[in-house]
Amino acid sequence: MLTETVFHSENLPGADRFDYWCELMSTTHLPLELRSDHATEYLACHRVIELGAVKVWPTFYQPLHFYRTPKLIRRSDPEQFHIALPLRGVNHVESAGQTASFVPYELHFFDSSQPYHLYSTNDNGLFSGVGIDIPKALLPKQADQLLGRPMPGREGIGALFTQFLTRLVADSGSLTPTDGPRLGTVLANLACALFAQALDAEHALPSETRQRNLALRIQSFIRQNLPDPQLTPSTIAAAHHISVRYLHRVFRHEDRTVVAWIRHQRLEHAARDLTDPTEHATPIHAIAARWGFACHADFTRAFRSAYGMPPRDYRSESRCAVDLPDTGPRPGAGGDLRDPAARRGARGSARLAR
């Protein structure tokens, strides 16, 4: 039979199962942080089939969270892609500011060099699927453009890939260790064909559509990472595998530059917190830091430029507006005086810098 490592949780005492499972995943796959609401007497089965440089691991387990964090990446990065094939249940993935869910037979993959959070669920019982670890060097260089995208496993090359993979898993006992590297090469070649087909489909879209889709993904990434003071065009471009120059081209049709768009989003969130009655006890500098402003003076200066007054006065006006009785608009006031925007008049948020 092919070289395999097999783990059945039932072979261990209930209290030891989850810890052993966590250690096994980090050893046979790559360093991960695992969490589950079912850690007590955890149920799982895990096989690792060695195919030379490629590993295949059919598995089933109770609902589980996988975290690949920046700290774990710094500790160890095997420079590989992990292709996932859910068979029963759904994979929910958060990566690079994007969230996606993948149903059975929707192939998708992760990059060991990028942080991600995967949550596997099955409302009807145990999640089951097959994972494949393939060195990046064996796949097309442009493959990372497909991160977060589903690839159909029931049609076209995806069906060939899925059929070969599931048959290999089912027949592993009738194959020999010397067959492993050859089968690993076949599987890697099929993965190359699968990725190439998906890339061709992507490139067939009009350039304007591709660029607009990329702009939406980047904006979502920015919103997810606003609290990070290190969020810059360089880090955004690196997370999306594009140059800083191309990033600025993507934002060419937006109302603001990349830097101004980040600042606009941060100021809007901070302004909302300043007018939130539940946040009145929160120091202004804490709100500024919450939304990525490392320097309080920079925040005050940017806020004054955008809203026509310092954040302390903006908060004070919002409190006064809340305390005013409901008497309706007053003559000459230009609107309801309970509305801070009306009280500011021409100093309103339209002055947010581009």
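Reader: Leaving aside neighbours within four places in sequence, which residues is His240 in contact with?
Author: This is a predicted model, in which local features need pLDDT of at least 70 and side-chain atom pairs count only at pLDDT 80 or more, while totals for chains, interfaces and linings use all residues. Residues are numbered from 1 along each chain as its sequence is written, and side-chain values use heavy atoms, with hydrogens and water left out. With contact taken as heavy atoms within 4.5 Å, and leaving aside neighbours within four places in sequence, the partners of His240 are Ala96, Leu214, Arg217, Ile218 and Phe221.

Reader: Is His240 buried or exposed?
Author: His240 sits in the loop that joins helix H6 (233–239) to helix H7 (244–250), helices being DSSP runs of H or I with at least four residues, numbered from the N terminus. Buried means under 20% relative accessible area, exposed over 50% and partly exposed in between, with a 1.4 Å probe and protein chains only. Because its relative accessibility is 11%, His240 counts as buried.

Reader: How many Å apart are the end C-alpha atoms of helix H8?
Author: Helix H8 is mostly covered, with 13 of its 17 residues buried. The expected span is 1.5 Å times one less than the number of residues, so the 17 residues of H8 (258–274) should span 24 Å. The model agrees, since the distance between the end C-alpha atoms of H8 is 24 Å.

Key. Helix = DSSP H or I, 4+ residues; strand = E, 2+ residues; numbered from the N terminus.
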